[in-house]
Amino acid sequence: MSSEVLAMQSARIDEPTWIETLHGWVTTVDHKRIGLLYILFALLFLVIAGVEALVIRIQLMYPHNDFVSPQVFNQMFTMHGTTMIFFVAMPILFGFGNYLVPLMIGARDMAFPRLNAFSFWLSALGGFLLYFSFLGGGGLYGAGAAPDVGWWAYAPLTARAFSPGSSSDYWTIAVLVSGFGSIGTAVNLVATIVCMRCPGMTLTRMPLLAWLYLTMAGMVLIAVTPLSAAQIMLLIDRYLGGHFFDTQAGGSATLWMHFFWIFGHPEVYILIIPCFAFMSEIIPVFSRKPIFGYPVMVAATVCIAFVSMSVWAHHMFTIGMNSYANSFFAITTMAVGVPTGIKIFNWLGTMWGGRIQFRTPMLFAIGFLFQFLIAGLTGVMMASAPFDWQLSLSYFVVAHFHYVIVGGILFALFAAFYYWYPKVTGRMLSERLGTLHFWLFLLGFHLTFDPMHFAGLLGMPRRIYTYEPGRGWDAINLIVSVGALIQAVAIVIFVANLIVSYWKGARAGKDPWDAWTLEWSMSSPPPAYNFASIPTVASRRPLWDLKHPEDPDSRYE
Amino acid sequence: MSIFAPASTPAQSIFDLSMFVLSVTAVIFIVVATLLVYAIVKFRATPENAGREPAQVYGSTQIELAWTITPVLIVLVLFAATARVIHAIQDAPQPPTAVEVTVIGHQFWWEYRYPALGVVTANELHIPVSEPSRPRPTFLQLLSADTDHSFWIPELAGKTDLIPNRINRLWMDPHRRGIFLGQCAQYCGTQHAKMLQRVSVDTPEDFDAWVRAQQQAAARDESAVAGRRVFETTACINCHTVRGTAANGRFGPDLTHLMSRATIASGAAENTPENLRLWLKDPDGIKPGSLMPAMKLSEVELDALVRYMQSLR
Amino acid sequence: MRAVAADIEPVGAVEAAPAWTLPDRGTVGMLSFIIAESAIFTIFVVAYLFYLGKSLTGPTPRDVLETPIFYTICLISSSVTIHLAGRRLARDERLTFLLLWLMTLVLGGLFMYGTAQEWHRLIYEHGLTISTNLFGTTYYSLVGLHAFHVTVGLVMLASVLVLGVAGRVGTAQSPRVEVLSLYWHFVDVVWVVVFTVVYIVGR
């Protein structure tokens, strides 16, 4: 349909010049375009941060390797972590939210379109600033001024005394600026979901994606801001002679840790909750059943949001808190595993009794389920504080959180890409390339992150640019690095799929997956105005009701 | 360096707890993974059943209640086991027979002071074995002179951080003799990777002998006088201490009994004359980014200085 | 030939079409923003409380702080005036609205003057700066963060005043003025907290 429109239009109107197209994208306030800008921005940084990871893994392939100097290595792991969290994961999830939320709740755009654009460009500025640090001089060792303090930037390593030059400032200001962008988007998401649902879409009839993005946005409001506050304090220390984290003046290094992790722990839930949303949309469609236990899924998510604000010091079990504090954080951390585990059971319940189709989105969803289960269980191990006194700060933790972020979040994102790409572009991604991507990436992922747990159990700490031979770490590190290279190849295949399918993919039509939420009711890609007339809904699966008028959901809800 | 080869009570308690936690999580994994695999196989779309939608089930209160209550119970059990071990390790009282060591973390080396024994050394810790019949644990006070570090000898105890402006405690009572390795576990700067640790658990007799030797002032070797003069007239004395001489700097390791150590530069190199010479000539060659400056000495001065270092038994 | 992509309009169950009203976007947006800002202030308050009594040197709060009762009353009153202004605007009583709005600005401005005066005294008479000690750092940061928010508020209020004088602010703008008033009330509530923490609890 839309190609007919274009054909007719171009008969009447001149094709826009490339500069007009560029101008259109740069000045856009349309949520779909902003969503795509976020996603493309994030994919670019995914590749960059992935290269940083490869540098790390090549250096660690052999003990006493000298692929890069210790100074460069320390910059690599700092930039890899900072980029992945703030300039890949956050933007890509905001991008999906931007694109999908208005479509799924029957709205024409987000609540504040200009704020939306402003928030994106703030994040873009942050990313640019962080990477400008590689060019900036004045770094301590002349290797550019890229930050080398780890992505948590612990005090007092970030004090002027220990980080002269501007590297810490690049970290602080880039992340601070993009943090403001995140807050803007969160405000937008909350206002959109609360105030712009179409008639009939009560809160209990929203797609789970809307609920989860509402929760995530609420968490951003109260979790990202503590980091912003701490960063302002750090800037005051570094530029105005303040003493917030100045241990020489009686300041506290642990105060930074508390503030950082009050942000840092909810942050990882902020990242995973939208991925839960993708799973909650994809698994039902490919199991041909509604999500099992919608009300409990909502309740569990809100529960996670609250409990996750009380677990932060499990990142600090080794700093010498007293036994009561350690016990408190141990039990809250174990407790947050309960609603999280319940979600896995509900997805299992959704698949149970279904007719599972193993299309590429579902392959990645199944990978997610297994890997997130394992990641959750290694998390339970570390919730047991004494066990964590051994596991913390070692490669066991690195394995755990990469299991969550790569095995969980990235797999869920891949599923989301394969699921919604047809809607965004009007073309299907290649199933053949998708299947190849899945299996290759699965192999690489497990080769890297399964053995990595054992390196930690054998005493290998994290953030070391080299290690002594003969400690049982040598073979493990080699296998880990080989897995990384395989993952890189799989990513190349994925990117190739994205590009090639844009021109050569099969036409998708409105609803290639036979799905049930509002975004599948319109053309692919959607028209600029989304809905010709705002729909009215009577159940959680409006398109199911239309396709099955003899047995609509509205009869049972 | 495995955490599953405990050689001391705190490490053993952690090991026992970890076995319990691993068993519980293994069971959870097997149950859930089996159900997942079963679901994927049993409920896959086949040519026969494709095209028909399955029964649209929205939920089940009983099932959901069951899989809420069971995890809560598991959490309570795990927490009870955890809390017990937390208190057992952290709130253990210090017996009067304990050896007290003050550990001060530096970028990128370890300072060890035994206040009651008048011993100051660096990078290689000596502690006595602790027998159940005659317990003699070592209680460490952890401080930092600059940024955050973390003390981690996996076979002897869980790790505890060294944080400036804060005093932390750690204890261990090794059950067997031997050399136990570890390294700094909290990123502290450029040479975090080479802030290695070496703990020598000695028999009571060997430990006492070591203490006595460490308590002596520096040996005076007349053949090393030239090197000693180089040491005392270059800036060495500003950073290093050699007890019984004018050198009493505290920025760098105490060198009084340098030759009693197996390694130099906090484990970055073996303590051989060649490595000593290389370290003195060009520290960045062994540990790039360490805070020991290259003193730009001549070859003759270097030779003399190495001879002097070697005399500090 | 249909030129427009066919949209499906899902038909709801036959209802008597009850009014579908959802909260106002501006209000929800501002409340979300206020929640975020509250988190930032909370962290600064926590730092202030944590560092009470921990300064190694220099003047303590008891030595140098004088409770700014008058300027606090000014700021609290400005919340009252802005509330009344909003009510007048809703009834299209533009002149009264403008006068009350101006009063709000003046009271807010007085508060800023009071802060400036206090800082001048602290710096030049007692030598307390942000780098003097932990008290100096946490005090100037917390009070300064609040003063920054007051300043931003004053700029917004002044903009509305200018537009109002130009005759562009009427009943139609009332919702937006209410949203701005929400921000101003927030700034006031934050001051109540800061005042309590710094001048009452902290001494």
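**Model and domains**

Chain B comprises domain 1 (9-90) and domain 2 (222-311), with bounds from an automatic or database domain assignment. Taken over C-alpha atoms, the centres of these two domains of chain B are 57 Å apart.

The model is predicted, local features need pLDDT of at least 70, side-chain atom pairs count only at pLDDT 80 or more, and totals for chains, interfaces and linings use all residues. Residues are numbered from 1 along each chain as its sequence is written, chains are lettered from A and ligands numbered from 1 in the order written, and side-chain values use heavy atoms, leaving out hydrogens and water.

**The helix pair**

Helices α1 (residues 9-42) and α2 (residues 61-90) of chain B pack at about 170°, their axes 10 Å apart. α1(B) is therefore roughly antiparallel to α2(B) (an angle over 145 degrees). Helices are DSSP runs of H or I with at least four residues, and strands are E runs of at least two. Axes are lines fitted to C-alpha atoms, for helices over the stretch in contact, and angles run from 0 to 180 degrees between N-to-C directions.

In the contact (heavy atoms within 4.5 Å), α1(B) residues including Leu17(B) and Phe20(B) meet α2(B) residues including Leu78(B) and Val85(B). The contact residues are 13 nonpolar, two polar and no charged.

**The sheet**

Three strands of chain B form an open sheet, ordered β4-β10-β9, with mixed pairing. Strands β4 (124-128) and β9 (178-183) of chain B are at the edges with a single partner strand each, so one side of each has no neighbour in the sheet.

β4(B) and β10 (residues 196-202) of chain B run parallel, joined by five bridges; pairing requires at least two DSSP bridges. His126(B) lies opposite Ser200(B) in β10(B).

Terms used
Angles under 35 degrees count as roughly parallel, over 145 as roughly antiparallel, 65 to 115 as roughly perpendicular and the rest as oblique. Ala, Val, Leu, Ile, Met, Phe, Trp, Tyr, Cys and Pro count as nonpolar, Asp, Glu, Lys and Arg as charged, and the others, Gly among them, as polar.
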